[in-house]
Amino acid sequence: MGIAERKEREKKQMRELILQHAMQLFVQEGFGNVSIRKIAERIEYSPATIYLYFSDKDAIFHQLHIDGFTKLVERMKVVRELNDPLHRLEKLGNIYIDFGLEHPEYYELMFILRSPMKNVEKKWSSGESAYDVLRETVALCLEQGKIPAGHFEAATIAIWSTVHGFVSLAIRERLKMVPDQSREAVIQAVKQYISTMFHQ
């Protein structure tokens, strides 16, 4: 490996290190309580090092959003293979739940944690691309009479809210009433129930 390639690899590793620890701090302490200095202390580098990669903590937060939604949208691509929009909708629900349970920190940043998110507010294309997949699928379901007729946007939000609510309860450890030994079975059963609850 040449010097240029090694330097590029080291830059990529440092950028990933900053993002990883910033995400942990944002989730643990809240966006407003985290500073560039605190992130620098966590990775044991100077704040100046972080500024070589990100202009401010909003830029870090924004990049984490992009990374999270990129992972989610990549998973969603498989639904294009499904011709039946209802089956596509069911698959999207399962993909969304699996993503949230497997990546709780990303999920917190993407859908739960509040922050100014100046960069995100200007252009939230990463989040909109994921939402558009759901909107298009719901539209097809309504057009083909696969789900009960209703207001398009309301139906989309209602379906999203259902899976979001379950994931939020799960990653925030609000399912303590379910015994540990049966939790996985319950999660799978909930996914199945959500998959069928919109059938007419």
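First, the term: a residue is buried when its relative accessible area is under 20%, exposed when it is over 50%, and partly exposed in between, using a 1.4 Å probe and protein chains only. By that rule K191, at 9% relative accessibility, counts as buried.

Some housekeeping. This is a predicted model, in which local features need pLDDT of at least 70 and side-chain atom pairs count only at pLDDT 80 or more, while totals for chains, interfaces and linings use all residues. Residues are numbered from 1 along each chain as its sequence is written, and side-chain values use heavy atoms, with hydrogens and water left out.

Now the overall picture. The chain has ten helices and zero strands; helices here are DSSP runs of H or I with at least four residues, strands are runs of E with at least two, and numbering starts from the N terminus. The C-alpha trace spans about 60 × 40 × 35 Å along its principal axes. Of the 200 residues, 40% count as buried. A contact means heavy atoms within 4.5 Å. Taking contacts between residues at least 6 apart in sequence, 70% join residues at least 24 apart.

Next, the interior. In soluble globular proteins, nonpolar side chains tend to be buried together. A nonpolar core is a set of buried Ala, Val, Leu, Ile, Met, Phe, Trp, Tyr and Cys residues joined through side-chain atoms within 4.5 Å. The largest such core here has 44 residues, and those with the most contacts inside it are I18, F26, I39, I50, I60, L64 and L72. Two or more residues each come from α1, α2 (36-43), α4 (57-76), α5 (85-102), α6, α9 (152-171) and α10 (180-196). Helix α4 gives the largest share, eight residues. Apart from this core lies another one, of eight residues, including L89, V138, A155 and I159.

What does I60 touch, if we leave out residues up to four places away in sequence? The list is I18, L19, A22, F26, I36, I39, I50 and F54.

On to helix pairs. Two packed helices are described by the angle between their axes and the distance between the axes. Axes are lines fitted to C-alpha atoms, for helices over the stretch in contact, and angles run from 0 to 180 degrees between N-to-C directions. Under 35 degrees counts as roughly parallel, over 145 as roughly antiparallel, 65 to 115 as roughly perpendicular, and the rest as oblique.

Take α1 (residues 3-29) and α6 (residues 104-112): they pack at about 65°, with axes 10 Å apart. The two helices are therefore roughly perpendicular to each other. On the α1 side, M23, Q24, F26 and V27 meet E105, Y106, E108 and L109 of α6. The residues of this contact divide into five nonpolar, one polar and two charged. For those classes, Ala, Val, Leu, Ile, Met, Phe, Trp, Tyr, Cys and Pro count as nonpolar, Asp, Glu, Lys and Arg as charged, and the others, Gly among them, as polar.

Within α6, the residues Y106, Y107, E108, L109, M110 and F111 are buried. The buried residues of α6 pack against α1, α4, α5 and α9.

The second pair is α9 and α10, whose axes come within 11 Å and cross at roughly 175°. These two are therefore roughly antiparallel to each other. T162, V163 and F166 of α9 make the contact with I187, V190 and I194 of α10. By class, that contact has five nonpolar, one polar and no charged residues.

Back to K191, which is found in α10. Leaving out residues up to four places away in sequence, K191 touches N94, I97 and D98. Its C-alpha is 8.6 Å from that of V163, which is 28 residues away along the chain.

H21 in α1 is also on the buried side of the cut-off, at 16% relative accessibility. With the sequence neighbours up to four places away set aside, H21 touches R42 and I43.

Last, two loop residues. Where does E44 lie? E44 is in the loop between α2 and α3 (47-51), and its phi is near 65°, a positive value in a residue other than glycine. E44 is exposed, with a relative accessible area of 71%. E173 sits in the loop between α9 and α10, with a positive phi near 55°, again in a residue other than glycine. At 53% relative accessibility, E173 counts as exposed.
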